[in-house]
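Colleague: Walk me through this model, please. I want rings, cavities and helices, with cut-offs.

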Amino acid sequence: MDFYLGIDFGTSGARAVVIDESAHIQVQVRYPWLEVDSLVSSWQKALLTLLGQIPEQLRREIKAIAINGTSSTVLLCDANGNPVDTPLLYNDGRGSIVLNELRDIAPANHTVLSATSSLAKLRWMMQLPSFGEAQYFLHQADWLGFLLHGKLGISDYHNALKLGYDVEKLQYPEWLENLQLPIQLPKVLPPGTPIGEVRPEISQQFLLPPDCLVCAGTTDSIAAFLASGAKSPGEAVTSLGSTLVLKLLSHTPVEDARYGIYSHRLGDLWLTGGASNTGGAVLREFFTDAELENLSREIDATKASELDYYPLLKVGERFPINDPNLPPRLTPRPDNPAEFLHGLLESIARIETQGYELLQKLGADSLNQVYTAGGGAKNSTWNTIRQRNLKVPVISSLNTEAAYGSALLAMGR
């Protein structure tokens, strides 16, 4: 039987999933990040450790591998693929000092006009003393793929979006080419495209088939979407994690940097979305997991709470309201904790509804079903409240592991 391997490099650790030809999971393995390791050594150790943890009988039958990494986690490499400096992580905002320069170059409201975009990071890295040693600018998933297939300077159009790659025309735009950057930008392929066979030494060390293919990867959030089961226009995935992240599949791309909205290409469709600062982190500020579970049972989810909050941990919101000075609104607070929780869940559900309404107002397809991922997906009370507000079916994602989504990508789905 043929097997397919998906590897997820996320914020808390790395994971790998092997699936069979029917997309059934055969094994899952994990590697938590260890603070004692440098970034590059921890990534390399995680990759090799995960491969070694997969049972030998499965490794011998793996036909293809795909890797996802955190969006806009980037590094500079020399001609041999060795990093010349410390990578910049997805949330590194040092690129803020080059934003005025980028505004003079990029189109208004473009995705790259963010302190954490890949292009902003590259412009910042060009000031480093080590930049003269660099020949390639790669994303995390690009470099990890290189460790397996040995080909430098190749990326996918999900990771390359925040570098400025035009995913509609499938080329670097003229304004980016005109910069004549003194470094090799990656060649961009559709996610899942076979790049090459695993290196002979990798094949021998881990007993992988010599013709096992390594494919162009994706980002962690896209891999999680692929894992969810959503696949038709109008279907969406809401991630109820520390923050609230919405992704809606559409025939039409939607872009608006004011709200942090951008669209990833998925074949002939577009995955458009945004992220609010509200979410589970606010709930955990007031309640333990046990309290959330017990108090949720006391709530009548069929009735709307009259409390109108805007639950934030600190001042500032971007989506669905663009206001860096928006203050948290968490009063009045009733004495009954179940009533307070009801108000919080109801208010976050309203913000989710406003988010999807904004995406549709800007041209995305009409919402018809929402899959749910993240820790909040387990709260049935909250899901009932959300369904009442959204007025469409709300169901749990079929699978919430981004590594599973990457395994589907390796399979060619």
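Colleague: Which residues form one aromatic cluster?

Modeller: This is a predicted model, where local features need pLDDT of at least 70, side-chain atom pairs count only at pLDDT 80 or more, and totals for chains, interfaces and linings use all residues. Residues are numbered from 1 along each chain as its sequence is written, and side-chain values use heavy atoms, with hydrogens and water left out. Rings of Phe, Tyr and Trp (its six-membered ring) pair if their centres lie within 6.5 Å; planes under 30 degrees apart are stacked, over 60 edge-to-face, the rest tilted. One cluster is formed by Phe286, Phe287, Tyr309 and Phe340.

Colleague: How many aromatic pairs does the structure hold, and why is the pair of Phe287 and Phe340 tilted?

Modeller: The structure holds 7 aromatic pairs. The ring centres of Phe287 and Phe340 are 6.0 Å apart, and the pair is tilted because the planes stand at 45°.

Colleague: Why does this pair tie together parts that are apart in sequence?

Modeller: Phe287 is in the loop between helix H9 (280-286) and helix H10 (289-296). Helices (H or I, at least four residues) and strands (E, at least two) are DSSP runs, numbered from the N terminus. Phe340 is in helix H11 (residues 337-361), so the parts tied together are 53 residues apart in sequence.

Colleague: What is the angle between the planes of Tyr309 and Phe340?

Modeller: Tyr309 is buried, as is Phe340; buried means under 20% relative accessible area, exposed over 50%, partly exposed in between (1.4 Å probe, protein chains only). Tyr309 and Phe340 make an edge-to-face pair, 5.7 Å centre to centre, with a plane angle of 70°.

Colleague: What is the volume of the largest cavity?

Modeller: On a 1 Å grid over the protein atoms alone, a cavity is a set of points where a 1.4 Å probe fits but cannot get out; lining residues have an atom within 4 Å of a point. The whole structure has 1 cavity of 30 Å³ or more. Probe spheres set on the points fill the volume, which is about 80 Å³.

Colleague: Which element gives the largest share of the lining of the largest cavity?

Modeller: Helix H5 (140-149), strand E7 (154-156) and strand E10 (213-215) each supply at least two lining residues. The largest share, 4 residues, comes from H5.

Colleague: How many residues of helix H13 are buried?

Modeller: Helix H13 covers residues 402-411 and is mostly covered. After H13 comes Gly412, with a positive phi near 105°. The buried count for H13 is 10 of its 10 residues.

Terms used. On a 1 Å grid over the protein atoms alone, a cavity is a set of points where a 1.4 Å probe fits but cannot get out, and a pocket is an open set with protein on both sides within 12 Å along at least five of seven lines; lining residues have an atom within 4 Å of a point.
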